[in-house]
Amino acid sequence: MAEIRIENLKKNFGDFIAVRDSSFTIEDGEFFVMLGPSGCGKTTTLRMIAGLETPSDGRILLDGEDVTYKRGAERDIAFVFQLFALYPHMTVRGNISFPLRLQGLPRREVRERTEEVARLLKIEPLLDRGVGGLAAGDRQRVALGRAIVRRAKAFLMDEPLGALDAEFRDLMCEELRLLHKRISATSVYVTHDQIEAMSMADRICVMNKGDVLQIGAPMEVYNRPATKFVASFIGSPSMNFLPAQGNVSPGDTEIQVNGARLAMPEAREGLARTESVLGARPEHITISQDGALRGRVFAVEYMGARQLITIDTDAGRLRVRAPNTVRVGDGELVGLSFDPARVLVFDPASDRTLNSALFDADGEAHAHG
Ligand SMILES: Nc1ncnc2c1ncn2[C@@H]1O[C@H](COP(=O)(O)OP(=O)(O)O)[C@@H](O)[C@H]1O
Ligand SMILES: [Mg+2]
């Protein structure tokens, strides 16, 4: 069990900044997910935590102990690699028990711990099979088994499900979550897939271009994104963005889009320019004849109980999630209303959210004044 603390961590490769200046604490027993697009510095951060990469600056503390310049082998942290390279000539048992045999533990203990892990992962019947002929999911379980058999202080996983197809990924997500519940080891999980992050994380750390933008519970980053990037990266289909006009001053509760006045949560920050960006998720827009903004239906996609309606307005194209009871046809002129408690406004220069502070982490708007 371990707490991992990162203090002003930096990593440059020559002139290139891979990790600019990260500070955060991963709590003991937490399932912490680092989420961001390819190249944003996730793997580099994880490799520094593992001791596989030396930071350019900053500190890493494991349970309060400074391990910044300790070798990986001295950190008691298990790394599950992106490409889970199993030893192809060994059996499942041989692969899982490898770290224990390396430590020179007694044979009996090696056997017991290997079998315990195989039971946990439900691969006991495969123990004496070679890994060559195993299905991808079973190979992944063997890799997980080899990682957890050591009972390390923390587990680091770098896109461990990347090689699996979508259906199997869902199953493995669930598997990992259950496994984490049972052993509650500190886990740091890297992914570029926001759905994976949302479904597994205790907290998500959203990164972009070497910067940590926000750390919070899944519902918090979804409902109170700190920046437009976070708002756009999390949620599918993505949040809608429209250009908005007029000054934003602290305390304002209205914004203009193409002449339509839309109510919004009180702005906490002002903006010294007249152009901002309005953001609204597809489920926070409704089609209603008295809607302030008008547009024409471009396409309707049915998705079981719900439908996704694409609408062209003079301010731009929007996607609206609506129940199937709403009947509209292609080309129809409709009005749109925006949930006044949910409309976000962003500063296009800094990307910051100007008015997101009105929500609780769980998305309930609370009374203000
Ligand atoms: N050893 C290296 N030498 C030079 N550049 C590197 C090295 N490792 C990573 N980078 C660069 O640092 C950036 C972040 O990489 P990485 O941490 O692997 O991103 P992610 O895992 O988020 O996709 C990328 O632009 C990558 O090309
Ligand atoms: Mg990576």
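Biologist: What does the secondary structure of the protein come to?

Modeller: This is a predicted model, and its secondary structure comes to eight helices and 20 strands. Taken along the principal axes, the C-alpha atoms fill a box of roughly 75 × 45 × 40 Å, and of the 369 residues 40% count as buried. Among contacts between residues at least 6 apart in sequence, 65% join residues at least 24 apart.

Biologist: Which residues does a cis peptide bond join?

Modeller: The cis peptide bond joins Ser 236 and Pro 237, with an omega of about -5 degrees. As for its setting, Pro 237 lies in the loop between helix H8 (228-233) and strand E11 (240-245).

Biologist: Where is Asp 63 placed, and why does Asp 63 count as partly exposed?

Modeller: Asp 63 sits in the loop between strand E4 (57-62) and strand E5 (65-66), and its phi is positive, about 50 degrees, although the residue is not a glycine. Asp 63 counts as partly exposed because it has 15 C-beta neighbours inside 10 Å, a count that falls between the limits of 12 or fewer for exposed and 20 or more for buried.

Biologist: How many other C-beta atoms lie within 10 Å of Arg 151?

Modeller: There are 14 of them, so Arg 151 is partly exposed. Arg 151 also has a positive phi, of about 55 degrees, although it is not a glycine, and its place is in the loop between helix H4 (136-148) and strand E7 (154-158).

How values were computed:
Residues numbered from 1 in each chain as written. Chains lettered and ligands numbered in written order. Predicted model: local features only at pLDDT ≥ 70, side-chain atom pairs only at ≥ 80, totals over all residues. Helix = DSSP H or I, 4+ residues; strand = E, 2+ residues; numbered from the N terminus. Contact = placed C-beta atoms within 7 Å.
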